[in-house]
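Hi,

Here is the structure I promised to pass on. My notes on its pockets follow below.

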Amino acid sequence: ACPRCVDLVPPTLQLKPSERERQAKRWFARHPNVLRWRREISEQVRRTGRLTNACGQVRYFAQPWDSRSSPCALEREAWNFRIQSVATCILRRAMRRLHTAGVHLFMEWHDSLKALAPTDEAPMVAKLMAQVMETPVPEYGGAIFPVTIEVGPALGELKKLHLH
């Protein structure tokens, strides 16, 4: 886990390979759509060497497919691309909207945006940032991804702001 998320990661179970495989089969039996989605992505990368995410971003995969192991590193990379790249598109879309609204963004960090504002304007800027970042995402049927807003005089002194 990244340093920001390490405290949120549950403890790791020490399972034998046979037990991990049994648990994975059980999980995929309950969630066959995920397994079907993974197979479709893997097949598309094997066939075309590329993927397009929900926002239209294309990623080319030039490395060879390792048919000796499944899932191979390339498969994992392809599965992650379809999820993680959309998060980046959503964040960049919010950055453009906030810039247009006059918010002084100074940093994109992990999955967050940092802005500068005078102390008396910080609550207004925070509210605007929450509104923009919680805009429905059309590529996902209008889903809204909730955000946490923090405000403070310096990065190390940020405190959660309750807007709702």
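How many nonpolar, polar and charged residues are in the lining of the second largest pocket? It has seven nonpolar, two polar and four charged ones, where Ala, Val, Leu, Ile, Met, Phe, Trp, Tyr, Cys and Pro count as nonpolar, Asp, Glu, Lys and Arg as charged, and the others, Gly among them, as polar.

Before the rest, some housekeeping. This is a predicted model, with pLDDT of at least 70 needed for local features and 80 or more for side-chain atom pairs, while totals for chains, interfaces and linings use all residues. Numbering starts from 1 along each chain as its sequence is written, and side-chain values use heavy atoms, leaving out hydrogens and water.

A pocket here is an open set of points on a 1 Å grid over the protein atoms alone, where a 1.4 Å probe fits, with protein on both sides within 12 Å along at least five of seven lines; lining residues have an atom within 4 Å of a point.

Back to the second largest pocket: its volume (the space filled by probe spheres set on the points, joined across faces, edges and corners) is about 400 Å³. Of its 13 lining residues, Phe28, Leu35, Arg38, Pro71 and Trp79 are closest to the centre. Helix H2 (32-48) gives the largest share of that lining, five residues; helices are DSSP runs of H or I, at least four residues, numbered from the N terminus.

The largest pocket holds about 1400 Å³ of space. It is lined by 39 residues, with Asp111, Ser112, Leu113, Met133 and Thr148 nearest its centre. By class, 26 are nonpolar, seven polar and six charged. H3 gives the most to this lining, eight residues.

Cheers

Conventions
Helices (H or I, at least four residues) and strands (E, at least two) are DSSP runs, numbered from the N terminus.
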